[in-house]
Amino acid sequence: MSEGVPVYERPAHIPPPGLWTRFRRHKLAVISIAVVALMTAMCAAAPLLTGYEFDAIDLGSIREAPSLDHWMGTDDLGRDLFTRILYGGRVSILIGVLSAVIGTLLGSTVGSVAGFYGGRLDNVLMRTTDVAYAIPTLPLLIVLASYTAATGGSMALIIGLLSWMTTARVVRGEVLSIKEMAYVEAARSLGATDWRILFQHILPNAVGPIVVGATLAVGNAIIVESSLSFLGLGVQPPTPTWGNMLMDAQATMVTKPWLTIFPGMAILLVVLAVNFIGDRLQDALDPTGREA
Amino acid sequence: MIPLVFGITIVLFAVIQAAPGGPEGALLETGRFIDPEVIEAYRERLGVDQPVPIQYVRWIGGAMRGDLGISFSTTRPVSEMIIERLPATLELMGASFLLAALLAFALGTLSAVKQYSWFDHLGTGFSFVGIAMPVFWFALILQLVFGVWLQWLPVAGTQTVGATSVTDHVLHLVLPTVVLSLRYVAGWSRYLRSSLLVALRTDYVRTARAKGLSEVAVVCVHAARNALIPVVSVMALNLAGLFSGAVITETIFAWPGIGRMFVQAMFARDYPLLMGILLLGSVMVVFFNLVADIAYGILDPRIRYE
């Protein structure tokens, strides 16, 4: 810093603008967190919120329109739709989160190894990423999902295993720039191991984009799972998921539209809220402070 | 590019090899009658008794000559079936691409010019909803509203039975096109908005205004020309994503294209057909990546490829 340039000190009573402070400015993002938390809590606490079982067939009250007894109506077998949406949400949200975790871990590992070690290994890993990127994901998932009788775990696994490519590229880019930093050189000159440099000095500084990517991946995975379930390839009945409920609803869509409308609204709401959190998180983490 | 396609074929081959019971297992398992000649031809083509690498070399050799094998479900050559269905898919993808581009330009430009207006906020809200919307659910809702309740538009197929008019066909195209383009309208309009906002703050735009040019000329000619560069390359990249979207959209609207054939092939466990379509989809992705690179170079003279 040259002489004559005034240096402004932040007055001591003003706290540094932390992540949460910047995030909090966006009311909608805060509301989104509340929406996701509330919906997750409701799904988790499903047995407390409803007097019905998700698979309790009641042939005396099939395909009833929404009423006080059945807030969202009943389906073809007289099962309470509200109950099924809560239980279905457990599976859908869990698959979304699990596959995002799998994809993010895999992508971060590939990206950081490629970026850190460079050279041939980098080349091999990145060309592999290019290949995985070029194959249309949804059609490939359709083929893979058709091989197995899907469970929640297997769905999360195959979706996660096919959603690491973007993270890998982003993390590699981050690692490439961070590893040139002076503090990394300092750590290396002090004799730190590769492992320590990567985990102590590089990855903590790349955590922002990783978290943003993971958040957006949750929303994406929920949509992918519901698309596969909609084609009949997802988690099999009687376990409800939002996708397979929509598949069931398709036949009676014209006469019983609520069976189609409510599960779709649930997907839309969660994915919208999750994406919004991811988007605002990105803004809040952006060191240049660009605000849209 | 060639190594990339080569890598893709290896992965696809491995995926099909991983089919339960092997690729020919589905044939024996279905219990349906399949021309023994087809089974024999397929066994011979794959040489299922041969080591896997040799099987792969045989398959790739055929694929390079345009021979993608014989379909289990129809006993016809896969390449013939794909070529038959390709026009319907290209029509749907093309129409969606055009619609998405037009709407995104209008929406993105207006949002940028009127930044922070109610229109801009509405546009932002719309694009968030558009991206979070499950494609198949959006399709169902449109079918319900415009097909069943309002009875304005047909919900399936390409033509009313017996009708041959172009109008009738175009009406059938409306809903699938809207469904397939939604996500891209949402995405591209945001891209255009942010890159226009940057362009509108540049010195050359101030110069253009100072010369007394109309606002339309400033925005649409001077600013847009540069703002479009990143958007066009995103559009070319997304063209390939349209292929994935077509699988769901065609299935719901009974649109007789490759996407619907893919889902049918999956249920019939018609592996040669699945493999052929996956290969075509991947080659499209690679091709549009190349188009994106070339478009970038043409639009931005500063970029030169070695």
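Begin where the two chains meet: 33 residues of chain B are in contact with 34 residues of chain A. Keep in mind that this is a predicted model.

Now select the chain B side of that interface. Helix 1 (2-17), helix 6 (118-132), helix 7 (135-149), helix 10 (215-252), helix 11 (258-267) and helix 12 (271-299) of chain B each bring at least two residues to the side that touches chain A. Which helix gives the largest share? Color helix 12 of chain B: with six residues, helix 12 is the one. Next, color this side of chain B by residue class, and you'll count 29 nonpolar residues, four polar ones and no charged ones.

Hop over to chain A for a moment and switch to cartoon view. Of the 292 residues in chain A, 45% are buried. Contacts in chain A are worth a look too: taking those between residues at least 6 apart in sequence, 70% join residues at least 24 apart.

Back to chain B. Select helix 5 (residues 78-113) together with helix 6; their axes come within 8 Å and cross at roughly 135°. Parallel or oblique? Angles over 145 degrees would count as roughly antiparallel, and this pair is therefore oblique. The crossing of helix 5 past helix 6 in chain B is left-handed.

Show side chains where these two helices touch. From helix 5 of chain B come B:Leu107, B:Leu110 and B:Ser111, and they meet B:Phe119, B:Asp120 and B:Gly123 in helix 6 of chain B. By class, the residues of this contact split into three nonpolar, two polar and one charged.

Check its backbone: B:Tyr116 is not a glycine, yet it has a positive phi of about 65°. Buried or exposed? B:Tyr116 counts as exposed, because it has 10 C-beta neighbours inside 10 Å and the cut-off for exposed is 12 or fewer.

For the last stop, select B:Arg269 in the loop between helix 11 and helix 12 of chain B. Here is another positive phi in a residue other than glycine, with B:Arg269 near 50°. B:Arg269 is buried, though: 22 other C-beta atoms lie within 10 Å, and 20 or more is what buried takes.

Terms used. Residues are numbered from 1 along each chain as its sequence is written. Chains are lettered from A and ligands numbered from 1 in the order in which they are written. This is a predicted model: local features need pLDDT of at least 70, side-chain atom pairs count only at pLDDT 80 or more; totals for chains, interfaces and linings use all residues. Two residues are in contact if their C-beta atoms, placed from the backbone, lie within 7 Å. Helices (H or I, at least four residues) and strands (E, at least two) are DSSP runs, numbered from the N terminus. Ala, Val, Leu, Ile, Met, Phe, Trp, Tyr, Cys and Pro count as nonpolar, Asp, Glu, Lys and Arg as charged, and the others, Gly among them, as polar. Axes are lines fitted to C-alpha atoms, for helices over the stretch in contact, and angles run from 0 to 180 degrees between N-to-C directions. Angles under 35 degrees count as roughly parallel, over 145 as roughly antiparallel, 65 to 115 as roughly perpendicular and the rest as oblique. A crossing is left-handed if the near helix is turned anticlockwise from the far one by less than a right angle, and right-handed if clockwise.
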